[in-house]
Amino acid sequence: GGQAQRAGVAGGRGSGPGSILADEPTGELDNATEFYLRDLLDRKLEGSDDADVIATHDPLVARRMKTQWQMEQGILK
């Protein structure tokens, strides 16, 4: 799972502007790759006005987002 996840992240990473739509991007990664991906997200999101949507259970990823919503018992808050 983690190897496929790394390949997906590498394939989806472009050099130009664009939005990110990701579901659990750090879900099955080893610690080093997870740290690397969080660093990539930080650099991509810094100063960006793109509409990025990232679904995650990882609080370290969530706290990097400008706006956060939580799903509680099927209700988006």
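**Entry 1**

I looked up Arg38 and found it buried, with a relative accessible area of 10% (buried means under 20%, exposed over 50% and partly exposed in between, with a 1.4 Å probe and protein chains only). I note that this is a predicted model, in which local features need pLDDT of at least 70 and side-chain atom pairs count only at pLDDT 80 or more, while totals for chains, interfaces and linings use all residues. Residues are numbered from 1 along each chain as its sequence is written, and side-chain values use heavy atoms, with hydrogens and water left out.

I then searched for salt bridges, meaning a side-chain nitrogen of Lys or Arg within 4 Å of a carboxyl oxygen of Asp or Glu. Arg38 meets Glu34 in one of them, at 2.5 Å from N to O. Both residues sit in helix α2 (residues 31-45), 4 residues apart, so about one helical turn separates them. Glu34 also counts as buried, at 16% relative accessibility.

Next I checked the salt bridge between Arg38 and Asp58, where N and O are 3.1 Å apart. This pair links distant parts of the chain, since Arg38 belongs to helix α2 and Asp58 to the loop between β2 and α3, 20 residues apart. I recorded Glu34, Arg38 and Asp58 as linked in a network of salt bridges.

**Entry 2: a pair at the surface**

Are Asp49 and Lys66 buried or exposed? I found both of them exposed, and they form a salt bridge whose closest N and O atoms are 3.9 Å apart. Asp49 lies in the loop between α2 and β2, and Lys66 in the loop between α3 and β3 (71-72), so the pair ties together parts that are 17 residues apart in sequence. The count by this rule comes to 5 salt bridges.

**Entry 3: the chain as a whole**

I counted 3 helices and 4 strands, taken as DSSP runs (H or I of at least four residues for helices, E of at least two for strands) and numbered from the N terminus. Along the sequence they follow the pattern α-β-α-β-α-β-β. Of the 77 residues, 25% count as buried.

Among contacts (heavy atoms within 4.5 Å) between residues at least 6 apart in sequence, 49% join residues at least 24 apart.
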